[in-house]
Amino acid sequence: MSIEKGKTLIQKRQFKNALLILNKLLMDKPEDLRANFLIGKIYYELNDITKCIIYFKKCNEIQPNNPNILFNMALAFQNMGKIDEAKKNYLKLISINPENVSSYFGLFNLD
């Protein structure tokens, strides 16, 4: 079982099988950033935003202030209607990289 197999299954939209593989990987290595991130993405695709955010928060604990994680977390909060949380993430992204247009666009869409 590998992270690459999980990614392939996600691309094929075989989320149940991908979750099985990624959760097995987390049993051996709970701090695996990529596995946690991919599980968060799966739950986003399944519209289970609460679980999605749990995994993205775990990723942010493992690797704080990673722009990719913060952006995806902002999108999830925005999807949930947690505008203040989304705004906080977009502003953090802008402070990290003021040239990141996606963060400005996300912030603009909140208002």
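**Figure 1. The largest nonpolar core of the chain holds 34 residues.** This is a predicted model, in which local features need pLDDT of at least 70 and side-chain atom pairs count only at pLDDT 80 or more, while totals for chains, interfaces and linings use all residues. Residues are numbered from 1 along each chain as its sequence is written, and side-chain values use heavy atoms, with hydrogens and water left out. A nonpolar core here is a set of buried Ala, Val, Leu, Ile, Met, Phe, Trp, Tyr and Cys residues joined through side-chain atoms within 4.5 Å. Buried stands for under 20% relative accessible area, exposed for over 50%, and partly exposed for anything in between (1.4 Å probe, protein chains only). The residues with the most contacts inside this core are I3, I10, L22, I39, I42, Y43 and Y90. Two or more core residues come from each of α1 (3–11), α2 (15–28), α3, α4, α5, α6 and α7 (101–110). Helix α2 gives the largest share, 7 residues. In soluble globular proteins, nonpolar side chains tend to be buried together.

**Figure 2. A closer look at I39, one of the core residues with the most contacts.** What does I39 touch, leaving aside its neighbours within four places in sequence? Its partners are L19, L22, N23, L26 and Y55. Contact means that heavy atoms lie within 4.5 Å.

**Figure 3. Y43 and Y55 form a stacked aromatic pair.** A search of the whole structure finds 3 aromatic pairs, this being one of them. The two ring centres are 5.9 Å apart, with 25 degrees between the planes. The pair links distant parts of the chain, with Y43 in helix α3 (residues 33–45) and Y55 in helix α4 (residues 49–62), 12 residues apart. Both Y43 and Y55 are buried. For the cut-offs, rings of Phe, Tyr and Trp (its six-membered ring) pair if their centres lie within 6.5 Å; planes under 30 degrees apart count as stacked, over 60 as edge-to-face and the rest as tilted.

**Figure 4. F71 and Y90 meet edge-to-face.** Here the ring centres are 6.1 Å apart and the planes stand at 65 degrees, so the pair is edge-to-face. F71 belongs to helix α5 and Y90 to helix α6 (residues 83–96), so the pair ties together parts that are 19 residues apart in sequence.

Figure 5. Not counting residues up to four places away in sequence, N72 touches F37, K41 and F56.

**Figure 6. Three loop residues: R13, N65 and N47.** Most residues other than glycine have a negative phi, and most peptide bonds are trans. R13, in the loop between α1 and α2, has a positive phi near 60 degrees. Its relative accessibility of 52% makes R13 exposed. N65, in the loop between α4 and α5, also has a positive phi, about 65 degrees, and is partly exposed at 35% relative accessible area. N47 lies in the loop between α3 and α4 and is exposed, with 54% relative accessible area. From C-alpha to C-alpha, N47 and N79 are 9.0 Å apart in space, yet 32 residues apart in sequence.

**Figure 7. The whole chain, with 7 helices and 0 strands, for orientation.** Helices (H or I, at least four residues) and strands (E, at least two) are DSSP runs, numbered from the N terminus. The C-alpha trace spans about 40 × 25 × 20 Å along its principal axes. Of the 111 residues in the chain, 39% are buried.
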